[in-house]
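User: Please walk me through this structure. I'd like to hear what stands behind each term you use.

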Amino acid sequence: MNPKLPYVLLVGAAVTIFILSCLLLSRGKPSPSCESQPHPTEKMGSTNQSLVFADLSPEEMVAVVRYLQGHLGVQLVDAWRAKPSDNCIASVDVQVPAKAEVLRFLDGGGARPPREALAVLYFGKQPEPNVTEYVVGPLPTPAYHRDVTVPKYGGKVPYHRRPTLGSEHEQVRAFLKRTAFAAAPTFLEEVLEYDGTNVAFQATAPQGFQSGDRKSWFVLFQNVSGFFLHPVGLEVLVDHSSLDISRWAVSRVFYNGQYYRDMAQLESPYVQGRIRVEKVPKAPRDGDFSSMKPRAPSGALFPLQFEPQGPRYSVRNNLVLFQGWSFAFGMSVSTGLRLFDIRHKGERVAYEISVQEALSVYGSNCPGGMSTRYMDGSFGIGRYTSPLVRGVDCPYSATYVNTHSLSETMSPSERKASLCIFEQNLGSPLRRHYSNLQSLYYGGLVNSALVVRSITTMSNHDYVWDFIFYQNGAIEGKVRATGYASSSLFHGDGLRYGNRVWEHTLGTIRTHSINYKVDLDVGGVKNSLVAHDMAFEMTRAPWSPEQQIERPRLTKKALDTEDQAAFRLQSKLPRYIYFAANSKNKWGHQRGYRIQITSFAGDHVPETSSMERAISWARYQLAVTRRKEEEPTSTSIYNQNDPWTPTVAFADFINNETITNEDLVAWITTGFLHIPHSEDIPNTVTVGNSVGFLLRPYNYYDLDPSIYSQDGVFFTSEQDFTACETNPMACLPKAASCLPTFPPFTYDGFQNT
């Protein structure tokens, strides 16, 4: 053995230990924090122009309330404690100026339109009670108001059409507990173990069968977490049409498949032992199977997304700028998230994209379920926008925006973090190609898009509303549904109306229909509607005439009238239907934006139904009409409680007017059928419950605009694709080796509820 060998081995071991120690020490050093880098933004002119669309500030809301209190000559009661016989302010929202005025201001150098508010008031303390809408302005210091009810709706709005206030629901619940339930003490105590606090109520709508009715079924559930899945089988129909609460009465009672005149008629046979009772076991306060508490401990952290050089978008007041996109956003009390003045590469492609309505039609063998047709705009899609949870509802590092509203109160309310904006790497290429023929290269572009999101909780179900902006000039409107399934007590022929999801719970069938307004301005305000599709044609092969070839060819059709442009729900829609501009691209084609709809809607309510006209927008998957200021929305908040004489009937918008070279609006309906099943317990997932539409450039550009994206990757076999100068992906180990600075977790969703 060589005597020097042990020393060599010792030296080698020492060097190895030193190297490993250095590596371990270097790993222990914290990575640098990510720092924002300046990103070039396009010159978009004055950023305060977008304020023409801005929601009202709390100060403006307060000014409107004070003005109304001092100038209407009547006493106004705070809506949260108002009786039906009182006068009150139901809501205050921004009055968006007429489109022509706005465009003169934005494009023509005209004066800024006066800033105004729209106030909805209930006048119950009048000889002829009614609902009145006032435009109040100018803000921030109101000096005038004008009644717009008759010009807007063609007549006064009868008082029975008013959306039901939360105070009225509370008054009905108090009537049930103090008056109606007093007639059946034995039944309630022995069957429901009723103690005054252990039941929850869910009201149905519409409220009756004809104009003037105000009769609501109140469905009883165990008052536990996720109570929507704990029906007890008792439902009570309350007539609350009188403005005098003392005259309210029970019209009918339903229990376990049987109907009774009132609670006394239920009590008497129960005491006599003549009623079959289905006693539902008492659920724990956490709801047991309906609890959303995880059934497993926390594990390894899920993947997170961060921006190593800071956000590549900016939010200034209500204006968003991102990769050539710009738009203004807002939150309507009744219809929720909406966008205005949407531009790409500085050119307006849409004036307005907004949610209009969310309709749910229920089925059941219980009266509450079978009579429910919720029109969520009446309750307030924007009003019930939820505070968002960082890292779950939106990426942790998203930009969170507070919104304000004034609804059913005299004071503005703030919903913190109720809207989020973020750029999302969708984890797939927007486009790519790998070439191993002739030349060897790879070219691709990561699909990174900007998302604007809000989430609405409407009683048992939640809607996740997204507007998504892609680098190729496409816009997507998407809605995902989640929340709790609707349910009735499982009894009798219940399986005709859904699936049994727990021992006493029937998950009841329902349809969801979502309506959007899309006011495209493609290459200008004046557009036409064109349909492209395909057909096979038979031809002889020119080089072999005895052989036949079936080849697809392009079909083209101009849709000239509103009737031609109204596509029924289950009808065949042209696969390429687009708004065409009066200008052409470099290749001689009319510049256009295509409408592509994703939907698996259930069937529409039969048109023979007495209430169908109130939801006639849902007849059509797509209807294109001439834009009119007097047709701003496809429905009305007053349609819910009087669908038999609708205040706004969308079907009347379609009257065969010409739509060639006109200012046009696309009304898009998308939706899905929900048949609850065991996997909806405890909660419905968003997977598979996502529908919406895409607006895609169609010959609008001379080539794909995303080719100018700074995110593009291209390298050939002859290049050094490990060099940053050639391939930006090669820089990621260095450019993205920083730690994001996440703000502390906060949540304000349980304040002021």
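Analyst: Happy to! Let's start at a turn: N256 takes a positive phi near 50° in the hairpin of β9 and β10, which has two residues between the strands. Keep in mind that this is a predicted model.

User: What makes β9 and β10 a pair?

Analyst: Two strands count as paired if there are at least two bridges between them. Strand β10 (residues 258-260) and β9 have three, in the antiparallel sense, so the pair meets that requirement. Y255 stands opposite Q258 in β10.

User: How do you know that β8 and β9 pair, and in which sense?

Analyst: The sense is antiparallel, and six bridges join strand β8 (residues 231-239) to strand β9 (residues 249-255). The requirement is at least two, so these strands pair as well. For one of the partners, look at V238, whose bridge partner in β9 is V250.

User: Why is V238 called buried?

Analyst: V238 has a relative accessible area of 0%, and buried means under 20%, so the term applies. This residue lies in strand β8. Leaving out residues up to four places away in sequence, V238 touches V172, F175, L176, R214, K215, S216, F218 and A249. What makes these contacts is that heavy atoms come within 4.5 Å.

User: Which residues of helix α7 are buried, and what covers them?

Analyst: In helix α7 (residues 263-271), the buried residues are M263, L266, E267, P269 and Y270. Their cover includes α5 (166-180), α6 (185-191), β8, β9 and β10. A helix has 3.6 residues a turn, so residues three or four places apart point the same way.

User: Why is D711 called buried?

Analyst: The relative accessible area of D711 is 13%, and since buried means under 20%, the label holds. D711 is found in the loop between β33 (690-698) and β34 (712-716).

User: What pairs with β30?

Analyst: Strand β29 (residues 576-584) pairs with strand β30 (residues 590-598) over five bridges, in the antiparallel sense. One of the bridges sets K584 against Q590 in β30. These strands form a hairpin with five residues between them, where G588 in the turn has a positive phi of about 85°. β33 also pairs with β30 in the antiparallel sense, over seven bridges, and L695 in β33 is the bridge partner of I595.

User: How many cavities are there, and what makes a space a cavity?

Analyst: A search of the whole structure finds six cavities of 30 Å³ or more. A space counts as a cavity if a 1.4 Å probe fits but cannot get out. The largest cavity has a volume of about 190 Å³. It is lined by 18 residues, of which Q202, F221, Y362, G369 and S487 are the closest to its centre. The elements giving two or more residues to that lining are β6 (199-203), β7 (215-222), α8 (367-370) and β22 (487-489).

User: Where does UniProt place the "domain: Copper amine oxidase catalytic" feature?

Analyst: In the unreviewed UniProt entry, that feature is listed at residues 305-707. The span is 2% helix and 55% strand, and its end C-alpha atoms lie 25 Å apart. UniProt also has "domain: Copper amine oxidase N3-terminal" (unreviewed entry) covering residues 168-257. Over residues 168-257 the chain is 22% helix and 32% strand, with end C-alpha atoms 28 Å apart. Such annotations may be inferred rather than shown by experiment.

Key: Residues are numbered from 1 along each chain as its sequence is written. This is a predicted model: local features need pLDDT of at least 70, side-chain atom pairs count only at pLDDT 80 or more; totals for chains, interfaces and linings use all residues. Side-chain values use heavy atoms; hydrogens and water are left out. Helices (H or I, at least four residues) and strands (E, at least two) are DSSP runs, numbered from the N terminus. Buried means under 20% relative accessible area, exposed over 50%, partly exposed in between (1.4 Å probe, protein chains only). On a 1 Å grid over the protein atoms alone, a cavity is a set of points where a 1.4 Å probe fits but cannot get out, and a pocket is an open set with protein on both sides within 12 Å along at least five of seven lines; lining residues have an atom within 4 Å of a point. Grid points are joined across faces, edges and corners, and a volume is the space filled by probe spheres set on the points.
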